[in-house]
Amino acid sequence: MSRSDPPRVQFRMRVYRDADIAVGPGKIALLEAIIEAGSITAAAQQLGMSYRRAWLLIDELNRSLRHPAVQSATGGARGGGTVVTPTGLELIRCYRAIEARARAAAADEIATLTSMLAP
């Protein structure tokens with residue numbers, strides 16, 4: 001970021017379950033990338049991570065939830081596929097809504113804080 005770019009505020013909410021991050025910005029971004037790209041492999045490439053890392057994140061997320069956020073099918077004419085489930089879609093919606101609400105609630109403080117930054 002150069003000095004002429006406007007300040008950027010980013011919320012990074014994480015929900016922990018024991019020592020593990022059950023839900024966080026990386027897992028939400030991965031779910032969104034799976035929706036866009038249509039597979040874990042393509043989503044991982046889009047996000048600049050290995051397939052193994054993406055698969056481990058999805059596995060950890062699925063184990064943290066009552067119902068899986070992602071389902072994969074093996075085989076088939078095109079090698080199977082990956083789908084974000086209704087639970088996964090609701091998780092994305094809820095996470096992004098919390099971010100938006102937090103941003104709106106803190107708008108005055110964010111404006112004050114960013115106005116304190118050097119030009």
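Which residues in α2 meet which residues in α3? Ile-40, Thr-41 and Ala-44 in α2 meet Tyr-51, Ala-54 and Trp-55 in α3. Here a contact means heavy atoms within 4.5 Å.

1. Basis. This is a predicted model, where local features need pLDDT of at least 70, side-chain atom pairs count only at pLDDT 80 or more, and totals for chains, interfaces and linings use all residues. Residues are numbered from 1 along each chain as its sequence is written, and side-chain values use heavy atoms, with hydrogens and water left out. Helices (H or I, at least four residues) and strands (E, at least two) are DSSP runs, numbered from the N terminus.

2. Helix α3. This helix covers residues 51-64, 14 residues in total. From first C-alpha to last it reaches 20 Å, close to the 20 Å expected at 1.5 Å a residue. The expected span is 1.5 Å times one less than the number of residues.

3. Buried face of α3. The buried residues are Ala-54, Leu-57, Ile-58, Glu-60, Leu-61, Asn-62 and Ser-64. Buried means under 20% relative accessible area, exposed over 50%, and partly exposed in between (1.4 Å probe, protein chains only). An α-helix has 3.6 residues a turn, so residues three or four places apart point the same way. The buried residues of α3 pack against β1 (15-17), β2 (20-23), α1 (25-37), α2 (40-47), β3 (70-73) and α4 (86-105).

4. α2 with α3. The two helices pack at an angle of about 110°, with their axes 9 Å apart. That makes α2 roughly perpendicular to α3. Axes are lines fitted to C-alpha atoms, for helices over the stretch in contact, and angles run from 0 to 180 degrees between N-to-C directions. Angles under 35 degrees count as roughly parallel, over 145 as roughly antiparallel, 65 to 115 as roughly perpendicular and the rest as oblique. α2 passes α3 in a right-handed crossing. By class, this contact of α2 with α3 has 5 nonpolar, 1 polar and no charged residues. Ala, Val, Leu, Ile, Met, Phe, Trp, Tyr, Cys and Pro count as nonpolar, Asp, Glu, Lys and Arg as charged, and the others, Gly among them, as polar.

5. α1 with α2. Their axes come within 8 Å and cross at roughly 120°. That makes α1 oblique to α2. On the α1 side are Ala-29, Leu-30, Ala-33, Ile-34, Glu-36 and Ala-37; they meet Ile-40, Ala-42, Ala-43, Gln-46 and Leu-47 in α2. The contact of α1 with α2 divides into 9 nonpolar, 1 polar and 1 charged.

6. Lys-27. This lysine sits in helix α1. Lys-27 is buried, with a relative accessible area of 5%. Beyond its neighbours within four places in sequence, Lys-27 is in contact with Ile-21, Ala-22, Leu-57, Glu-60 and Leu-61. Lys-27 and Leu-57 are 30 residues apart in sequence, and 6.5 Å apart in space, C-alpha to C-alpha.

7. Asp-18. This residue lies in the loop between β1 and β2. Asp-18 is exposed, at 77% relative accessible area. Its phi is positive, about 60°, although Asp-18 is not a glycine. Most residues other than glycine have a negative phi.

Technical notes:
A crossing is left-handed if the near helix is turned anticlockwise from the far one by less than a right angle, and right-handed if clockwise.
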